[in-house]
Amino acid sequence: AAREAGHQTLVLVPEVALGGQLVDDFRRRFGARVGVLHSYLSVGERRRNWELASRGALDVVVGARSAVFAPLPKLGLIVVDEEHEPAYKQSTQLRYHGRDVAVRRAQMLGIPVVLGSATPALESHANVARGKYARLALPLRVDRRAMPALHVVDLRREAAAGALLSRPLRDALRQRLERREQVMLFLNRRGHSHYTQCSACGWVPECPHCDITLTLHVAPRAWRCHYCDHAEAAGDACRQCGAALLRFGGAGTQRAEREIAAAFPAARLERLDTDVARERGRVSEILAAFARGEADILLGTQMIAKGFDFPRVTLVGVLDADVALHLPDFRASERAYQLLTQVAGRAGRGREPGEVLIQTCTPDHPAIAAAVRGDERGFLARELEEREEAGYPPFVRIAALLFAGKEEAQVDESAARVADALRADAALAGVAVLGPAPQMLSRVRGQHRRHILLKAERAAVLRAAATRALEVAEQTKRPRAVRVVADIDPYEVV
Ligand SMILES: [Zn+2]
Ligand SMILES: [Zn+2]
């Protein structure tokens, strides 16, 4: 409707790979005046689309997070697809949340904004409850297809030692392959093994620049840091005692790929994760091949969890549902519930009914149990109660002050000074100051990291506190030695 009125529509997507399918849909429906804006385009392409958009020559612009700032003179509608996705939160340099910027932009222009999601963020549920947002429900799946049947595989009983595929999942896979149906397997960890340890002396390879263990990658074989890209040769023997007794834990997609290929050598298998995505054009190639039925199994990280529509997929396997649960983040449960529900939604989108097998060691965890039962209401009620009790959003606003620097003592001193100043400031009485404490990763790329968490009921006083903190940090002896960043509504907070 916006298009008929001569208005432009901005569609934000969390992942560029997802944008491709959407752009094709829009082109088919609305003709050719659909443009894409994202960082994987060549500079020339991006400039051309940006220019077309600003002249009003594009009716629909589809883009990732940063497209929220696109110049659109006749903007009449903003759609935020999969609004709950953390990908909308930019956490480096200029920190903003693409969804929230979209809402503000729409407010200022007086135009509608539609936030789409099968599993909305808790914050969005709260905004509906407060009457800030209106809820438009789509109670039925497209074409009234039945929801897939979800089953839990209790890995404490079913797993053969160290194997990623339980017997029930193996059986289900074999059956689908025999019937020439497609399968998606989900494992939200890339690389081969996240954890290596010597069984003889306990040695663990760690990154020399970060406070984290190295992940084993194969083809090419190396130990890699997922935070700073440090890489070193990975031998078969312990570097401390020389014993060839290394144990590997925390299996990732590369190891899953090998295990599946060994179990089903005739199956055509494709893997999709950020390591594969580094190769230009590879993501759309793999997705297109899978859509054409040229692969039987698509194995991937959360890149494959989002709104893809592959009608021939009748089985979805979640290899390790516990990965998402144990992130040290107050949103871990919410994320786990959303991911499982999203992944499950990939099954049975065609004529054949779908089945979802969720492998887990904690089948009774509220997020997993609720996802299996499809009990959104129950999950939300419980999660909201816990957030209220613990004092987390959406009941309070939070901000993180992040300190980083080469010299640990200077970082500690700067953080302590800021915390003291905030606590002493009578104008900031409504702000709870927690910390300073080491960040979850206390050292990354050789930088020591501390943080202070601020909680307040109102955003205005939180912003005042953040501003004050930056002033205090500027007044320390060597302000340049410690970088201080204020992040309002941060993600990844313990
Ligand atoms: Zn050893
Ligand atoms: Zn590192």
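**Close-up views of a predicted model**

**View 1. A lysine charge over a tyrosine ring.** In this predicted model, the charged end of Lys455 is placed over the ring of Tyr392, at 4.3 Å from the ring centre.

**View 2. The site of the zinc ion (ligand 2) and its four cysteine donors.** Along the sequence the donor residues follow the spacing C-x2-C-x14-C-x2-C. Distant parts of the chain are linked here by Cys207, in the loop between β10 (193–198) and β11 (215–217), and Cys225, in the loop between β12 (222–224) and β13 (231–232), which are 18 residues apart. Both Cys207 and Cys225 are buried.

**View 3. The aromatic pair of Trp203 and Trp223.** Four aromatic pairs are found in a search of the whole structure, among them the edge-to-face pair of Trp203 and Trp223, with 5.8 Å from centre to centre and 70° between the planes. Because Trp203 belongs to the loop between β10 and β11 and Trp223 to strand β12, the pair ties together parts that lie 20 residues apart in sequence. Trp203 and Trp223 are both buried.

**View 4. The aromatic pair of Phe290 and Phe310.** The ring centres of Phe290 and Phe310 are 5.0 Å apart and the planes stand at 80°, so this pair is edge-to-face. Phe290 lies in helix α9 (residues 282–291) and Phe310 in the loop between β16 (297–300) and β17 (313–318), so that distant parts of the chain, 20 residues apart, are linked. Phe290 is buried at a relative accessible area of 0%, and Phe310, at 3% relative accessibility, also counts as buried.

Terms used. Residues are numbered from 1 along each chain as its sequence is written. Chains are lettered from A and ligands numbered from 1 in the order in which they are written. This is a predicted model: local features need pLDDT of at least 70, side-chain atom pairs count only at pLDDT 80 or more; totals for chains, interfaces and linings use all residues. Side-chain values use heavy atoms; hydrogens and water are left out. Donors are N, O and S atoms within 2.8 Å of the metal (3.2 Å for Na, K and Ca); water is not among the atoms, so sites may look incomplete. Helices (H or I, at least four residues) and strands (E, at least two) are DSSP runs, numbered from the N terminus. Buried means under 20% relative accessible area, exposed over 50%, partly exposed in between (1.4 Å probe, protein chains only). Rings of Phe, Tyr and Trp (its six-membered ring) pair if their centres lie within 6.5 Å; planes under 30 degrees apart count as stacked, over 60 as edge-to-face and the rest as tilted. A charge sits over a ring if NZ of Lys or CZ of Arg is within 6 Å of the ring centre and within 35 degrees of the ring normal.
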